[in-house]
Structure formats: structure tokens, C-alpha cells
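Hi,

Here is the model I promised you. Have a look at it first, and then read on for what turned up.

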Amino acid sequence: LIPSSWPWSVLRRDGQSPQDSYIYNVRFSISTSYPSKNRRKVVDGLNASGGGDGPECVTAAMDACLNLPWRKDSTKICVLIGDAPPHGLGESGDGFPNGDPNGLDPIKIAKGMLERGITLYTVGCEPALGGFVYARDFYAGAAKITEGQFLPLSSAQLLADVIILAR
């Protein structure tokens, strides 16, 4: 039997204008009523393109995860997969060099995750992530704050084992 589980997918696309930015919070129930092939169809139908700059809206995605309706006594795990750092770290060509346009701070969000018992695992898509000066440090640091781990995509096949062993 699979324990009661309600995984969510928070899918965020970065954009330079409000109409280009959108967020999906998709609740997937692990049960026979919503088989994995249906969840896969949702994910396979997604497309990310555009944005206009290198850094992405990582902070907004983290904030969405922080504010999901987590059950009080559940094991809370967030897996952040990305190929770019958040806005505001000093990367060249950042469209929002002062940080998240809504004034959110990714480090404060990571600390909030720790306070709420949410463990953040970060997966850096290489080689793209390596093209930024501060991206790896951010992904590793955010995971460390929440007592999670950073994994480069080259070892992402180990992600499930790392999460299971850490719990």
C-alpha cells in the first residue's frame, strides 16, 4: 500500500512581462484513481521558452512551495530543478538585477522552509547552470539551509535514493 500522499508540482516560467509569467500549482494524488501515466501526460505537455534573460523566477517558485497547503504532520519535500539562478544575484544581463520583482528574498524563503520542516533538494541542470557565476553556490546553499542536498543533473538518477535515505 502507498501511504496517503498528495504531491504537488509547482511549475514556473520566467518572463519579462506579466503576461509571460504564470504559475501552475498542480496537485497529483498518488492513487489508482489518477495513474502515473496521466501525471506524465501533464508534465509532457509543458513547454518552457523565452524569458529574455538568464536568471529565472526561482524565488517565486520557492515561495509557492513554501505556501502550499502542507499537512501538519507530513514529510515535506521540495525538489527544485533548474538551469539558472534566481534574479538579483549579480549575474550579467539580469532583467531584474535588484532581485525578485515582488521583493521576495530566496534565502529568507529557504529559512522559512526550514522553520516549517520543508526539505529542499536542488537539481542543477548542467551545463547551463555552470554558465552562471553564482548559480551552483545558490542551489547548494539553499538546499543546505533546509538540510537538503544539491545534485548536478549528471547524478539526478540518484535523487530518489538520496531523498529516501535522508528521511
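This is a predicted model: local features need pLDDT of at least 70, side-chain atom pairs count only at pLDDT 80 or more; totals for chains, interfaces and linings use all residues.

Glu91 is buried, yet has no salt bridge. The nearest side chain of opposite charge belongs to Arg136, and that is 10 Å away. You'll find Glu91 in the loop between strand 3 (76-82) and helix 3 (106-115). What does Glu91 touch, not counting residues up to four places away in sequence? The list is Pro55, Pro85, Phe132, Val133, Tyr134 and Ala135.

So where does Arg136 find a partner? The side chain of Arg136 meets that of Glu126 in a salt bridge, with 2.7 Å from N to O. This pair links distant parts of the chain: Arg136 sits in helix 4, Glu126 in the loop between strand 4 and helix 4, and the two are 10 residues apart. The salt bridge count for the model comes to 1. As for accessibility, Arg136 is partly exposed, with a relative accessible area of 42%, and Glu126 also counts as partly exposed, at 25%.

Next, helix 4 itself, which covers residues 135-145. Its buried residues are Ala135, Phe138, Tyr139, Ala142 and Ala143. Seen down the helix axis, the buried residues of helix 4 fall within an arc of 125°, so they line one face. The general rule behind that kind of spacing is that an α-helix has 3.6 residues a turn, so residues three or four places apart point the same way. Asp137 and Lys144, on the other side of helix 4, are exposed. What covers the buried residues of helix 4? The cover includes helix 2 (58-66), strand 3, helix 3, strand 4 (118-124) and strand 5 (150-152). Just after helix 4, have a look at Glu147, which takes a positive phi of about 70°.

Strand 4 and strand 5 run parallel and are joined by 3 bridges; Gly124, for one, has Pro152 in strand 5 as its bridge partner.

Cheers

Terms used. Residues are numbered from 1 along each chain as its sequence is written. Side-chain values use heavy atoms; hydrogens and water are left out. Helices (H or I, at least four residues) and strands (E, at least two) are DSSP runs, numbered from the N terminus. Buried means under 20% relative accessible area, exposed over 50%, partly exposed in between (1.4 Å probe, protein chains only). Lys and Arg count as positive and Asp and Glu as negative; His and the chain ends are not counted. A salt bridge is a side-chain nitrogen of Lys or Arg within 4 Å of a carboxyl oxygen of Asp or Glu. Contact means heavy atoms within 4.5 Å. The arc is that of the directions from the helix axis to the C-beta atoms. Two strands pair if DSSP finds at least two bridges between them.
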